[in-house]
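Subject: Structure handover

Hello,

Here is the structure for you to look through. My notes on it come after the model.

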Amino acid sequence: MILNVAVIGSGFGGLGTAIRLKDAGIGNFLLFERADDLGGTWRDNTYPGCRCDVGSDLYSFSFAPNPRWSNTYSYQPEIWAYLQDVATRHHLRELIKFNHDVTDISFDPASKLWYLTTNQGVFQAHNVVLAVGGLAEPRMPDIEGIESFAGSVMHTAQWDENVTLVGQRVGVIGTGASAIQTVPQIAPFVGHLEVFQRTPSWILPHLGHVVSERSKRLYRVVPLAQKVVRAFGYWRRELMVLGFVKDPSRMTKGETLAREHLERQVPDPQLRQRMTPHYRLGCKRVLISNDYYPTFSRENVGLVTEPIERIEPQGIRTADGMLHEFDVLIAATGFYVTDNPIGEKVHGTKGEKLSRAFCGDMANYKGTMFPDFPNLFMLGGPNTALGHSSIIFMHESQLNYIIKTIEVTLKRGARVEPTIDAARKWTQGLQEKLPGTVWGTGCSSWYLNAQGKNTVIWPDFTFKFRQETRHFVPKDHEITV
Ligand code: NAP
């Protein structure tokens with residue numbers, strides 16, 4: 001059977017694609033999922049304290065509001081349950097090929113089809129939607145000797161509940177979004193905890209709170225009320241673009257707030273100094289937490305800022321020669337983003353790999369399509385991620401364009417790809433904008449590729465991206481029937 005559409009992944013992106021395909025009356029599609037359950041990053045990240053730092057009203061599908069969120073900023077179990085619920089309501093489970101690990105996606109010019117090789121056989125499809133997620137492939141730190149460590153090592157995104165932490169000596173490497181959520185949760189029951197900080201993060205107060213039963217009832221009875229709350233949250237976040245993109249010097253206001261937060265929560269001036277960032281707020285992802293800083297007032301918790309030299313069987317050796325001994329090491333060291341391994345598995349009409357698009361060597365069109373990769377779409381593609389708002393909004397925007405383009409391919413039996421000119425114009429336009437933004441003010445971040453180019457972030461208001469992806473523009477595409 002030749003599929004109309006093969007969707008890779010069953011997280012927010014894959015499920016959203018499936019619902020929109022159904023709504024458009026497009027059948028004969030399947031989702032390919034390497035794991036035995038759906039949910040993507042919200043299935044995988046089960047570390048204690050895992051929580052979304054975008055409010056739930058906005059970090060959910062616009063077409064599937066949830067009046068039952070228990071907190072304005074949900075924890076992982078509730079977000080995962082939301083995705084399960086969405087899949088059930090839309091009858092998506094039967095469309096998911098679980099335990100199908102896609103190892104190669106290649107275009108065959110003779111049959112004009114995409115061939116998907118999986119661990120359970122080969123599938124053919126007219127169209128492919130990559131919905132694999134930008135934060136799906138955990139990155140272990142490339143520290144010399146890590147394989148020699150005698151205790152247990154785990155990445156936050158591959159949390160192993162069988163590893164005992166109670167009473168143990170635990171080292172956490174990294175101080176990004178995952179670390180600041182899990183450190184306060186594990187500190188009370190581990191024996192001793194040391195956190196290895198390479199670069200301090202800017203941390204703002206967390207405004208999340210429990211949703212009252214009254215509000216939940218209101219959202220259930222008057223769905224418009226939740227839409228209003230969502231819209232308010234959306235526009236409040238859009239205002240941040242003025243600082244992130246238009247004039248990064250406006251970020252000083254946020255920096256003052258963060259410094260005051262640090263001063264309130266960390267009484268020790270020396271520790272405070274070590275935790276103070278020296279780059280513009282927003283250049284790296286802005287974090288929110290009320291319980292991370294106070295954790296360092298605990299007797300059993302320490303911050304190590306001395307650089308890590310290597311890992312030895314007993315623990316971590318720092319540059320000052322000191323050996324920090326541990327039973328367990330936790331790597332909160334992020335993901336392969338600009339070098340997402342999926343790029344190595346996708347081959348276009350000339351056999352070239354999609355990874356060239358992630359490293360910025362290949363032009364892309366609206367972060368979604370690529371010349372020489374006909375009928376192939378990517379959710380969360382180059383320069384569609386955000387520092388200030390919900391990625392679900394961006395996915396839904398991309399889906400407007402994707403569904404319209406798939407309709408063209410299916411109605412006319414056509415190969416559709418962006419023209420080189422349209423793709424270059426799009427990519428260059430963004431790259432010209434980026435140096436003036438907060439992400440170009442000088443810091444290292446996972447938004448930048450190995451050459452220092454930002455191939456991750458959308459540098460504008462999200463409503464502008466929504467406008468750009470509203471229509472299929474025939475002149476920007478080569479349509480071969
Ligand atoms: P991350 O932000 O990339 O942080 C990785 C941390 O590990 C950084 O502190 C980094 O230091 C450190 N690190 C990496 N390699 C190291 C090495 N070899 N030696 C020492 N330190 C090293 O990763 P993350 O915390 O997993 O978060 C990634 C993204 O996932 C977030 O930005 C966010 O978008 C998403 N996320 C979101 C939530 C949420 O609330 N929605 C929660 C978790 C994650 P440097 O800063 O010096 O590089």
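Below are the overall build of the chain, its charges and its cysteines.

This is a predicted model, in which local features need pLDDT of at least 70 and side-chain atom pairs count only at pLDDT 80 or more, while totals for chains, interfaces and linings use all residues. Residues are numbered from 1 along each chain as its sequence is written, and side-chain values use heavy atoms, with hydrogens and water left out.

Overall build

The protein chain has 15 helices and 20 strands; these are DSSP runs numbered from the N terminus, with helices being H or I of at least four residues and strands E of at least two. Its radius of gyration is 23 Å, close to the 23 Å from the globule rule for 481 residues, so the chain is as compact as a globular protein of that length. That radius is taken over C-alpha atoms, and the rule is 2.2 Å times the number of residues to the power 0.38. The C-alpha trace spans about 70 × 55 × 45 Å along its principal axes.

Of the 481 residues, 56% count as buried (under 20% relative accessible area; exposed is over 50% and partly exposed lies in between, with a 1.4 Å probe and protein chains only). Among contacts (heavy atoms within 4.5 Å) with a separation of 6 or more, 71% come from residues 24 or more positions apart.

Charges

There are 51 positive and 49 negative side chains, and the centres of the two sets lie 9 Å apart. Lys and Arg count as positive and Asp and Glu as negative, while His and the chain ends are not counted. Each charge is placed at NZ of Lys, CZ of Arg, CG of Asp or CD of Glu.

Cysteines

The count comes to one disulfide, defined as a pair of cysteine sulfur atoms within 2.5 Å. Cysteine 283 and cysteine 443 form this link, with an S to S distance of 2.1 Å. The link is left-handed, at -100° about the S-S bond. It connects distant parts of the chain, 160 residues apart: cysteine 283 sits in the loop between α9 (269–274) and β11 (287–288), and cysteine 443 in the loop between α14 (420–433) and α15 (462–468). Cysteine 283 is buried because its relative accessibility is 0%, and cysteine 443 is buried at 17%.

Cysteine 50 is in no disulfide; its nearest cysteine sulfur is that of cysteine 52, 8.6 Å away. Cysteine 50 is buried at 6% relative accessibility. Cysteine 52 is likewise in no disulfide, and is buried at 4%.

Regards
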